[in-house]
Amino acid sequence: MTTAQMLTSSLLYVAFLCTSVVVSGQFTRFSKLELPPGVTGPESAAFRGLILSEGPFTTVTDGRILKWQGPNIGFVDFAYTSPKRTKQSCDGTTDPNKGPICGRPLALSFQLTTGLLYIADAYFGLLVVGPNGGLATQLAGGFKFATGVDVDLITGNVYFSDASLTYDIRDTTLPGFKPDSTGRFLRYNPHTRQVSVLLSGLSGGGGPAVSSDGTFVLVPEFSGNRISKYWLAGPKANTVELLLNNIGNPNKIKRAQRFGEFWVALSVGFIPRAPLITPQGVRFSSNGVVLQTVSFATEFFNKTISLVQEQNGKLYVGSRLTNFIGVYSN
Ligand SMILES: *[C@@H]1O[C@H](CO)[C@@H](O)[C@H](O)[C@H]1NC(C)=O
């Protein structure tokens, strides 16, 4: 793609965002997108395309990336991350020890202009798959617990994260688990194929989100209970500042439909542990002003959630602990 094409598509994208109708409401209507029988753990919910969008696509415990084909068909296979994966031994598995063989994708990000799907897999790191799906190609490996990914719509750079250098996803459910501060925030440059570590010493993973104008990336720290802003452009480029503190276990951050705003999935009371976990979605501005809080506590009672994705005025909520994606509308 030429720079002119890239610029045109970026401008179209910005124009779309500015004109799209944003419904602000309390999201009190609830429905479920059920996974196939026996399948669990839909951590993500990504859509492909802008207006006639397809999806959601999701990442599940048995290592697959599934695509929602509407209520009559449900979810179907789209892609997978592990070259060792077989459908026979992996489909429907909930055994965490099969993760290193079956894969455990946790986050998705579509590149708008190419339809490429970038994937963060706990064990297999950063991968990419083409519009037809199938086995994804590994771009960066050697990760203990990769958690989040987001592609910069303008430059094509890919920002991703890992939770730790010492523990993996299986350790987080062991009794007495204590997170450390060895998580990282990284960049993959698709032109040079180089990976750079931009921040290290982070307290837990989550999913970073690049701003629509490409000037900064928001970086959550799940066990650190905070969100930082890493500047990509302007006088503060390559520096980081604290944006939101003590908010309660932020997992993935996603751009909201309204330009310059974001949604974050919070599991308040997970670390340090409270008697009850309160799952909620928080919409906030690029300056860290909280604009809206939506509780998912009834439908995701006492559960951690991973993602809140806004799409066409609805909120799609993903969790490692359910067999459905929650859909909240007005
Ligand atoms: C919430 O979950 C935790 C951990 O699984 C459990 O110890 C606690 O009793 C639960 N609280 C309620 C009110 O169900």
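Reply: Start at a turn. Strands E19 and E20 form a hairpin, with five residues between them. Gly260 sits in that turn and has a positive phi of about 85°. Keep in mind that this is a predicted model.

Now look at the first pairing. E19 covers residues 250-255. Four bridges join E19 to E20, and the two strands run antiparallel.

Next, turn to another partner of E20. Strand E21 covers residues 278-285. Eight bridges join E20 to E21, again in an antiparallel arrangement. Here, Ser267 has Pro279 in E21 as its bridge partner. So E20 pairs with E19 and also with E21, as the definition of pairing asks for at least two bridges.

How enclosed is strand E20 by the rest of the structure? E20 spans residues 261-268, and seven of its eight residues are buried. Buried here means under 20% relative accessible area. The strand is therefore largely enclosed by the rest of the structure.

Move on to the ligand. Arg273, Pro275, Leu276, Phe301 and Asn302 surround the ligand. Two of these residues have listed atom distances. For Pro275, a backbone N or O atom lies 3.2 Å from a nitrogen atom of the ligand. For Asn302, a polar side-chain atom lies 2.3 Å from an oxygen atom of the ligand. Taken alone, the ligand exposes 360 Å², and the protein buries 37% of that.

Then step back to an annotated span. An unreviewed UniProt entry lists residues 148-234 as "domain: Strictosidine synthase conserved region". In the model, this span is 0% helix and 45% strand. Its end C-alpha atoms lie 25 Å apart.

Asp168 is in the loop between strand E12 (158-162) and strand E13 (183-189). Is Asp168 buried or exposed? Its relative accessible area is 8%, so Asp168 counts as buried. The side chain of Asp168 makes a polar contact with the side chain of Arg170, at 2.8 Å. Leaving aside neighbours within four places in sequence, Asp168 is in contact with Tyr123, Lys144 and Phe145.

Definitions and conventions
Residues numbered from 1 in each chain as written. Predicted model: local features only at pLDDT ≥ 70, side-chain atom pairs only at ≥ 80, totals over all residues. Heavy atoms only, no water. Buried < 20%, exposed > 50% of the residue type's maximum accessible area, 1.4 Å probe, protein only. UniProt positions renumbered as here; feature names shortened; annotations may be inferred. Polar contact = N/O pair within 3.5 Å; in protein donor to acceptor, adjacent residues only side chain to side chain. Contact = heavy atoms within 4.5 Å. Near = heavy atom within 4 Å. Areas by Shrake-Rupley, 256 points an atom, 1.4 Å probe, with all protein chains shown as cover.
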